[in-house]
Amino acid sequence: MSHRDREADRMASAQQTLDVLYDMSQLLGTQLDKETLATCIGMIESGVNPEALAAVIQELRREGAAITARQSRGGDDVISQHGSSGVRK
């Protein structure tokens, strides 16, 4: 088997694995698209703690929902994390 064939097999296997993990994530209701899921997998393979990554994703979602809620109420001021002054988006 040539190097090119092995590389093609490796890529096909990686795509199949991503497809299976994506299907599982959809069943679990993670709301991750394939690109985000692939990024998370890469981060975990690089040594990122999966539980810490999950916590960060959850916090980002909470923050996003809070911003969306503020915007839907008509307020677009965001409080800076470095002080109490409002920062316009």
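1. A helix here is a DSSP run of H or I with at least four residues, numbered from the N terminus. The model is a predicted one, and in it S25 lies in helix α1, which covers residues 3–27.

2. Is S25 buried or exposed? With a relative accessible area of 5%, S25 is buried, because buried means under 20%. When the neighbours within four places in sequence are left aside, the residues in contact with S25 are T30, L32 and L37.

3. The packing of helix α1 against helix α2 deserves a point of its own. The axes of α1 and of α2, the latter formed by residues 34–45, come within 10 Å and cross at roughly 110°. Angles of 65 to 115 degrees count as roughly perpendicular, and α1 and α2 are therefore roughly perpendicular to each other. The crossing of these two helices, α1 and α2, is right-handed.

4. Which residues make the contact between α1 and α2? On the α1 side they are Q15, L18, D19, L21, Y22 and S25, while α2 contributes K34, L37, A38 and I41. Sorted by class, the contact of α1 with α2 has six nonpolar, two polar and two charged residues.

5. Side chains of opposite charge can pair when their charged atoms come close. In this model the count comes to three salt bridges, and one of them joins the side chains of D19 and K34, at 2.6 Å from N to O. Since D19 lies in helix α1 and K34 in helix α2, the pair ties together parts that are 15 residues apart in sequence. D19 is partly exposed, with a relative accessible area of 26%, and K34 is likewise partly exposed, with a value of 33%.

6. R10 and E7 both belong to α1 and are three residues apart, about one turn of the helix. The relative accessible area is 48% for R10, which is partly exposed, and 30% for E7, which is also partly exposed.

7. A further salt bridge links the side chains of E59 and R62, at 2.9 Å from N to O. E59 and R62 both lie in helix α3, formed by residues 50–72, and they are three residues apart, about one turn of the helix. E59 is partly exposed, with a relative accessible area of 34%.

Methods:
Residues numbered from 1 in each chain as written. Predicted model: local features only at pLDDT ≥ 70, side-chain atom pairs only at ≥ 80, totals over all residues. Heavy atoms only, no water. Axes fitted to C-alpha atoms, helices over the stretch in contact; angles between N-to-C directions. Parallel < 35°, antiparallel > 145°, perpendicular 65-115°, else oblique. Left-handed = near helix turned anticlockwise from the far one by under 90°. Contact = heavy atoms within 4.5 Å. Nonpolar A, V, L, I, M, F, W, Y, C, P; charged D, E, K, R; others polar. Buried < 20%, exposed > 50% of the residue type's maximum accessible area, 1.4 Å probe, protein only. Salt bridge = Lys/Arg side-chain N within 4 Å of Asp/Glu carboxyl O.
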